[in-house]
Every structure is written in C-alpha cells, then in structure tokens.
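Thanks for coming. I will walk through one model today, going from a single strand pair out to the whole chain and then to the ligand.

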Amino acid sequence: MLSNSLIELDRQHLVHPVSSFRGHEERGVRVLRSAKGATVTDAEGRELIDGFAGLWCVNAGYGHESVVEAAAEQMRQLPYATGYFDLGSEAPIRLAAALAERSPGDLNHIYFSLGGSDAVDSTIRFIRYYWHAKGQPDRDQFISVEQGYHGSTTMGAGLTALPGFHDGFGVPYQWQHKISSHYTYRNPLTTDQEIIDASVAELKAKVAAIGEDKVAAFYVEPIQGSGGVLVPPKGWVKAMRDACAELDILFVADEVITGFGRTGPLFACAEEGIVPDLMTCAKGLTSGYVPMGAVFMRDHVYETIAEGAGAKAVGHGFTYSAHPVSAAVALEVLKLYEGGLLENGRKAGARLLAGLDTLRDHPLVGDVRGRGMLAAVEMVTDKERKTPLPASVQPATRLFDRAWEQGLIVRSFAQGIFGYAPPLCCTDAEIDAIVERTRTVLDQTLEDPEIR
Ligand code: PMP
C-alpha cells in the first residue's frame, strides 16, 4: 500500500506541471510504481494499459533492458561531456549523423536540447539570428496556428495557442500571431480543398497585414496534438509549406509528438512529402527514458547562421545540449524502432483506428480521427448540432477517472475529447482492450444526469 505520507509530501512540496494547484491538493497524487511494455502499475498494484504512452512520449514502451544498459554503460564510461570549447563525445555525434541520414531532405544539422519546449524556443533564437545574418533584422514576427501547442517557455508559450498557457502569463507577445486551425470536424467549410485554400489565403492575408518583409517564420504541427488531436486534411501541410516558400518565410514543423513513429513513419513530414526549413523533435527521440529534444536545420539555415557569425560564437546553448547519456539512449531507441517497433506501430495503429471507428455508432461519439498510433474520440451530446459535452461532466477529471477505473490511461481533454497515443509495442489484445474500455466509459457517461 502507498503510505499516506507520500501523498502528503507530494501535496506539500511537489509542484505539478499544468495542474490546478488547489485541485491537485484536493485530489492528491496517484503514484505510478513500475511499468513493462504498454502496462503501468500503480502503487496499489493496479495494472493499467497506458493508452497515452506517458505524455505521448514512451513510443518504444516501458522496460527495454537494452535501453537501460545503454544508459548505464554511457554513465560508466562518460556521464557528461560539454559541447562548449570544441569538445564533444561519441554518442551525440553518432546520433546527429543517424538522424540527419533519416530526416527528410537536407535537414542535416542538429542541435540537441533537453525537451520539446526548449527545442521550440531554440528555433525562435536561431530564426532571429538567421534573419539578422541575412541583413533583414526586421523580420521578427512569428505566426502559428490556433489550437496549436509549441511548449511552455516564455517565448514558446506565445506560439502555443491554448488560453491556459496565456492567461495570467502576459503572453502572447505582440510579435506572435495566429491563423485559424483547420479543425475539420468543426470547420464550417466542408471539403478538404476548401479548408486548404482558406488556410493558405488566411496565411497570405496575415503576412500582408503584418508586412511582407516583417515575418520570420510560420509554425505547424503535422497533427495538432494538445489542441485535441486535430488531423489536417490531406495536403494541408504541403500547401502551407509551399505558401511559406512563396512568401519567403521560414517553415517550421514541430514534430515533438508526431516524430519517431507516432503517425507511422519516423517523421510525419516524410509522409507529407515536405522538407521544413527547421524541425523540432523530443518525446519519442528517447522514448521518454531520459530527457532530450532536437532542432533540425536545413543546409541553408545552418550556412546562413554560420556565415553571419563568422568567427564569433553563436551565443545559444545549454549545459546539457547533446548530453551523452540521452544520446546513447536515443541511439538504442532508434535501433528498437527500426528493429520492428515502427512496423508493429503501423499495424497496431491501423487496428486502433479501425477499433475506435466502431464507436461511431455510440450516441456520444461525434468524431473519430487519427493517424497511426495517434487518435482521438470527440464526444458530443447532439451529433447533429455537434454540441460539446457540458463542462459540468468535468471530462478532464471525471472521465479520466472513469477510464482509470477500467484500467486505461487516456488523455482526457477538457472539451470532451479522449486522446490516444499508445506505445508502438502494443499487442492486438491491448489495442482491443483500449477500444472496449473506452466503450464502457462512454456507456457510463451516457448515464450522467448532466447528459440526460
Ligand atoms: N511541441 C509540441 C508539438 C508538443 O506537443 C510539446 C509537448 N507536448 C512541446 C512542443 C513541448 O515539449 P516538452 O513538453 O518536452 O517541453
């Protein structure tokens, strides 16, 4: 049994990310103790299928001894090496080369961060530097997409377009602009082409309004994750990429969620048939075993910055950039992906989407969407009108609890959307259980007095 003192200590001392401090104090922590494959065990011994891979990050699944061994061996040999002063170590060099080889086009230059937020933040700094180096320092305006998420740093949180990350924090800044999301389920436009044309037109209008020689970059998630798993129409990402080329602004693909097999291939951009100017990754890069993120730059971005700086240092970097232990883990995880996990993820993803699709007949299911091992079920009380669940149902907590009681961890978005991002190692039985347990939660929710 979990001693009450642990819950009490957490309540008194540990500040949880993106949580209501008061709400968390009231509910208390649920402590997880161990995990294997796609199953986590809590401190009371309850086993749950982790349908969200931690925080859409443990793509390879839990308990890979070879990953543990790679980290331990690196720690034994060389636990730390700085990249300052022209120093380095083997694992990050090999990892950068391996990623450059596998990434789309000429995204050949890789800067390692500690996670996704600081990868995004680093792109803002590199992009500002790039335009300075090009002699266009006035290109300092950034555009992203409503319902997008690009992390939680002081600068990145303003590219994020979720009110909870802005209210009370004084962001977004004046140089951070948004265009509408494609959000197909709730888009008044119906055909894919209409939605694509409208987004391109909105981006062009936004750039014209800001000033066409003022805009630095445009940020896109290949699939919007934290906004509710919003899958764009086929061709939307490419159309936006092409529009940026035409407008002469940099296009940044934020693949923090979609990278490393989440949607099928190693990178979602490959499937879209595009090469972004910069790309960010994290999460699946190390499968959550240790922290690491990455910024990929195309040759022209790297060269421009290099030429601009000349002999001067480009003053951006962290103590833990290119950490050797994280890199050793990432190299091992990459082996696992390529040794069968990507393939398993593709099969399991098709099964997951087909399974969730069978829930469409449920009175509460308005939409089912996804790609690969990234999916969502959007709940409504009236399918015709697409009426969202009433807030009184408290999806983020009550529906999460209900899934938990069924032995399933999902992401339960406040607007009544269940998000799924299971580890790529899931078996057929685990995928089927995710679907069945979801149906049970839907049936229970239908009985809520707030719904009837
Ligand atoms: N970008 C995207 C698209 C993300 O989904 C996230 C995290 N969910 C981030 C950036 C930030 O990553 P991190 O939480 O590792 O800082």
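Start with strand β3, residues 47-50, which is joined to β14 by two bridges, the two strands running parallel. Within that pair, D50 has I409 of β14 as its bridge partner. On terms: helices (H or I, at least four residues) and strands (E, at least two) are DSSP runs, numbered from the N terminus. Two strands count as paired if DSSP finds at least two bridges between them.

Before going on, this is a predicted model: local features need pLDDT of at least 70, side-chain atom pairs count only at pLDDT 80 or more, and totals for chains, interfaces and linings use all residues. Residues are numbered from 1 along each chain as its sequence is written.

Back to the sheet. β3 and β14 belong to an open sheet of four strands, in the order β1-β2-β3-β14, with mixed pairing. Which strands stand at the edges? They are β1 (32-36) and β14 (408-409); each has a single partner strand, so one side of each is left without a neighbour in the sheet.

Next, a hairpin. Strand β11, residues 365-371, is joined by six bridges to strand β12, residues 374-382, and the two run antiparallel. D367 stands opposite E378 in β12. Two residues lie between the strands of this hairpin, and G372 takes a positive phi near 60° there. β11 is mostly covered, with five of its seven residues buried. Buried here means that 20 or more other C-beta atoms lie within 10 Å of the residue's own; exposed means 12 or fewer, partly exposed is in between, and the C-beta atoms are placed from the backbone.

Now the domains. The protein chain is divided into domain 1 (4-63 + 340-446) and domain 2 (81-322), with bounds that come from an automatic or database domain assignment. Their centres, taken over C-alpha atoms, are 27 Å apart. The contact takes 29 residues from domain 1 and 18 residues from domain 2, where contact means C-beta atoms, placed from the backbone, within 7 Å. On the side of domain 1 that touches domain 2, at least two residues each come from α3 (53-56), α12 (324-357), β11, β12 and β16 (417-420). For the classes, Ala, Val, Leu, Ile, Met, Phe, Trp, Tyr, Cys and Pro count as nonpolar, Asp, Glu, Lys and Arg as charged, and the others, Gly among them, as polar.

Some backbone details. Most residues other than glycine have a negative phi, and most peptide bonds are trans. V171 and P172 are joined by a cis peptide bond, with omega about 5°. P172 lies in the loop between α7 (156-159) and β6 (176-179). K283 is not a glycine, and its phi is positive, near 35°. Is K283 buried or exposed? K283 counts as buried, because it has 28 C-beta neighbours inside 10 Å. Its place is the loop between β9 (278-281) and β10 (293-297). Q394, also a residue other than glycine, has a positive phi near 50°. Q394 sits in the loop between β13 (387-388) and α13 (395-405), and with 17 other C-beta atoms within 10 Å it is partly exposed.

A239 is buried, because 20 other C-beta atoms lie within 10 Å. Not counting residues up to four places away in sequence, A239 touches I196 and V200.

For the chain as a whole, the secondary structure comes to 14 helices and 16 strands. Of the 452 residues, 48% count as buried. The radius of gyration is 22 Å, which agrees with the value near 22 Å for a compact globule of 452 residues; it is taken over C-alpha atoms, and the globule rule is 2.2 Å times the number of residues to the power 0.38.

Last, the ligand. Which residues come nearest? Of the 14 residues around the ligand, they are G115, G116, S117, G151 and V256; near means a C-beta atom, placed from the backbone, within 6 Å. Helix α6, residues 116-133, gives the most to this shell, with three residues. The shell divides into five nonpolar, seven polar and two charged residues.

Note on methods: Contact = placed C-beta atoms within 7 Å.
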